[in-house]
Amino acid sequence: MPMPKAIRSSLLYSTWLVSMALLISYSQQLQSSEIQTLLRIQKLLEFPMALAGVSNTTNFCGLPPSPSLTVVCHENTVTELLIVGEKTSPPANAAFSASYQTLSPAFSIDSLFITLARLYSLRALSLLSLGIWGPLSSKLDRLSSLETLNISSNFIYGSIPYELSRLGKLQRFILDDNMLNGNVPDWFSAIPDLEFLSLKDNRLSGHLPPSLSSVQALRVLVLSGNDLSGDLPDLSVMPNLTVLILEGNKLGPNFPILGKGLVRVSLSKNRFSGCIPSSLETLNQLQDLDVSFNALSGLPPSFLFSLPAIRRLNLASNSLAGTLPPNLSCGNNLGFADISANYLTGELPSCLMPKSSQRTVKFAGNCLVTNVQPQQGSYYCQAAEAADVSKKDTRTDTKKSILIGIVGATVGGVAALVLCVVLVLLRKSRYKKAIKQNQSRKLVPECASTGISSELLVNARCISQAMKLGSLGLPQYHSFALEEIEEATNNFDESTLMGEGSNGKVLVWQGQL
């Protein structure tokens, strides 16, 4: 039986009254002091568009969330605050200056965070693209309940203050796209629940602190686009780390020790060199590996292409060389592989042939036998491999501390330097010999230690004898850097060649310093 119109109207009216009462009650849940704090923040941020139109009568807790403004309340306090402005990010490497993209010179970053601290239940704070400028305020430690802090795309400069280590509940710390400088702090290990750390696109420099490995809860580490250098701490002791993004720095030369739980690793555009370590074979959860634009050498390990979870593999723009095995196996999940711009030769393995739309493979810029993508001539890779052998030998000599002795004597008023040279033959003679022999010997450097060759020991004895001259009352020898010797001999120009030792292993040049 249909409900009479009068009763239906009465019920609708009663429902409306109850809804209005609930709405009024809900709007009154936020304390007046917190409303005044939000209005004060509006003024300090110089009335951004996201806060346009709000006033003392605004029901902040009832505002629908949007990409530019979100206010979340619990009981009668604000627990989450997101404000997104329209200011652009700071230009890379530019010196700071207040402009139309920043808040005015009258802005005070300390006042802003002192005011925010009045929202004593605030757990998540995001202030993005608002033109906030100045050194990161130590007053942030007053926000003791914070779990998420995101002040990205502003103009914050200076170092990250130690006081932030007191934010003991912090789980997500994001300061991307600012102008921060100095070192990465060594106190992140003091924040036990820190899971997400992102400081990308700043101006941080120096080495990563060893204490970073002690942040046991860390899952995501993003430090790309800075000026960080040196070797990384041992990351294998971080059991929860799944995402590591360090591209666009000066890290290296040693390849880092990675944890088995990593899912995504980006080390692109750094200074890593040497062979790709076999320890990566244990990364069974790795889906995305990008080591492009480094100086990695040797033959790419076959296991990289068949890791159980690998989906994306980027080895482009390194110094990888040699011939990939024809029976190379590619994992079923591998959808993208880039080995372009290296010195690879021979046939392309069948699993990397571009025969399936489900897998994209880039291999241009090598010396592969294929007409599918543009390749270099074979001489290109042969010369590069020979040069790599020469450079490797030079590095080995340096590491073994075999120094070049130069005995000075005065002849006709001009100082003549008599050089006992080890590196010259290894640098010039071997290079020529490698080019002539081409395929007669293996040019790709092995990715294992080969010890000290007998000719290095002979040359070492030569230098040892030269070093005894001082003890015999003869003029003292002096050790020069290779760069100084190259300059003195006009890059070992043959016009400065004086002769060759009896064993054919030592060449003698003269030069003037």
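Two strands are counted as paired if DSSP finds at least two bridges between them. With that criterion in hand, I turn to the structure shown above, which is a predicted model.

Strands S1 and S2 meet the criterion, being joined by 6 bridges and running antiparallel. Within this pairing, His-74 stands opposite Thr-77 of S2. The two strands form a hairpin in which 2 residues lie between them, and Glu-75 in the turn has a positive phi of about 55°. S2 also pairs with S3, here through 5 bridges and in parallel. Leu-82 has Ser-126 in S3 as its bridge partner.

Let me place this in the context of the chain. The protein chain has 7 helices and 29 strands. It contains 513 residues, of which 46% count as buried. Its accessible surface comes to about 25500 Å², and carbon and sulfur atoms account for 54% of that. If we take the contacts between residues at least 6 apart in sequence, 52% of them join residues at least 24 apart.

A second example of strand pairing is an open sheet of 3 strands, ordered S10-S12-S14, with parallel pairing. Which strands stand at its edges? They are S10, residues 205–206, and S14, residues 250–251; each has a single partner strand, so one side of each is left without a neighbour in the sheet. S10 is joined to S12, residues 227–230, by 2 bridges, and these strands run parallel. Ser-205 is found opposite Asp-227 in S12.

I now come to the interior. In soluble globular proteins, nonpolar side chains tend to be buried together. In this model, the largest nonpolar core holds 104 residues, and the members that touch the most others are Ile-132, Phe-173, Phe-188 and Leu-352. Among the elements that give two or more residues to this core are helix H2 (32–44), strands S1 (69–74) and S2 (77–84), and helix H3 (109–116). Which element gives the most to this core? It is H2, with 5 residues. Apart from this core lies another, of 5 residues, including Ala-321, Tyr-343, Cys-367 and Ala-384.

Is Thr-115 buried or exposed? Its relative accessibility is 3%, and because buried means under 20%, Thr-115 counts as buried. Beyond residues up to four places away in sequence, Thr-115 touches Thr-37, Arg-40, Ile-41 and Leu-44.

Returning to Leu-352, its contacts beyond four places in sequence are Phe-305, Leu-324, Leu-328, Cys-330, Ala-337, Ile-339, Val-361 and Phe-363. Ile-339 is located in the loop between strand S21 (336–338) and strand S22 (343–346). Ile-339 counts as buried because its relative accessibility is 2%. With neighbours within four places set aside, its contacts include Phe-305, Leu-315, Leu-324, Leu-344, Leu-352 and Phe-363. The C-alpha atoms of Ile-339 and Ser-292 are 8.7 Å apart, although the two residues are separated by 47 residues in sequence.

My last topic is the aromatic residues. A pair of aromatic rings is described by the distance of the centres and the angle of the planes. A search of the whole structure gives 5 aromatic pairs. Phe-107 and Trp-133 form a tilted pair, at 6.3 Å centre to centre and 55° between the planes. This pair links distant parts of the chain, 26 residues apart: Phe-107 is in the loop between S2 and H3, and Trp-133 is in strand S4, residues 133–135. Both of these residues are buried.

The rings of Phe-255 and Phe-272 have centres 5.9 Å apart and planes at 55°, so this pair is tilted. Phe-255 lies in the loop between S14 and strand S15 (264–266), while Phe-272 lies in the loop between S15 and strand S16 (273–275), so the pair ties together parts that are 17 residues apart in sequence. Phe-255 and Phe-272 are both buried.

Two further features complete the aromatic picture. Phe-173, Trp-187 and Phe-188 form one aromatic cluster. Finally, Lys-269 has its charged end over the ring of Phe-293, 5.9 Å from the ring centre.

Definitions and conventions. Residues are numbered from 1 along each chain as its sequence is written. This is a predicted model: local features need pLDDT of at least 70, side-chain atom pairs count only at pLDDT 80 or more; totals for chains, interfaces and linings use all residues. Side-chain values use heavy atoms; hydrogens and water are left out. Helices (H or I, at least four residues) and strands (E, at least two) are DSSP runs, numbered from the N terminus. Buried means under 20% relative accessible area, exposed over 50%, partly exposed in between (1.4 Å probe, protein chains only). Contact means heavy atoms within 4.5 Å. A nonpolar core is a set of buried Ala, Val, Leu, Ile, Met, Phe, Trp, Tyr and Cys residues joined through side-chain atoms within 4.5 Å. Accessible areas come from the Shrake-Rupley method with a 1.4 Å probe; for residues, only the protein chains shown count as cover. Rings of Phe, Tyr and Trp (its six-membered ring) pair if their centres lie within 6.5 Å; planes under 30 degrees apart count as stacked, over 60 as edge-to-face and the rest as tilted. A charge sits over a ring if NZ of Lys or CZ of Arg is within 6 Å of the ring centre and within 35 degrees of the ring normal.
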